[in-house]
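Load the model and keep the selection panel open. The stops below go from the whole chain to single side chains.

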Amino acid sequence: MDDDFLVRMDAETILEDAGFHALSAANGVEAIKLLQDHADLIVLLFTDVEMPGGPDGFELARTTARRWPDISIVVASGGVKPGVGDLPEGAVFLGKPFSAQIVHDHLDMILPDGQKPEPLKARKR
């Protein structure tokens, strides 16, 4: 999830290229609704820190870790870095801009066996 539509679309493409089906939310309130409705199918929360209205990405990550502890969490930002207590245990932080390879490497590191990303394929430009 990201508040910037183009960044959100790029992140969705990276996740889908890694073999995941992405559900998209423009803000924390929409994300929580998606989590409530589809938590049994969601394996990963990928969120930006700065979002309009509702919880920011850090609060969304903490809420997700409390309510749905089996969901892995990646928090990204181009301007805000996490402080002590911002990220729940097991969550990872990515600075922006990030590449598909960096996202893939982090997913491979945090996701349990059986939920690992598919190998990256060369993209035609």
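**Whole chain**

Colour by secondary structure: the protein chain has 4 helices and 3 strands, taken as DSSP runs numbered from the N terminus (helices H or I, at least four residues; strands E, at least two). From the N terminus the order is α-α-β-α-β-β-α. This is a predicted model, in which local features need pLDDT of at least 70 and side-chain atom pairs 80 or more, while totals for chains, interfaces and linings use all residues. Residues are numbered from 1 along each chain as its sequence is written, and side-chain values use heavy atoms, without hydrogens and water.

The C-alpha trace spans about 40 × 30 × 25 Å along its principal axes. Of the 125 residues, 40% count as buried (under 20% relative accessible area, 1.4 Å probe, protein chains only).

F46 and F98 make up the 1 aromatic pair of the structure (Phe, Tyr or Trp rings, the six-membered one for Trp, with centres within 6.5 Å). The geometry is edge-to-face (planes over 60 degrees apart), with 5.7 Å centre to centre and 75 degrees between the planes. F46 lies in strand β1 (residues 44-48) and F98 in the loop between β3 (92-95) and α4, 52 residues apart. Both F46 and F98 are buried.

**Select 100-110**

This is helix α4, whose buried residues are V103, H104, L107 and I110. Those four lie on the same side of α4, because they cover an arc of only 140 degrees around the axis, using directions from the helix axis to the C-beta atoms.

Methods
Buried < 20%, exposed > 50% of the residue type's maximum accessible area, 1.4 Å probe, protein only. Phe/Tyr/Trp six-rings, centres within 6.5 Å; stacked < 30°, edge-to-face > 60°.
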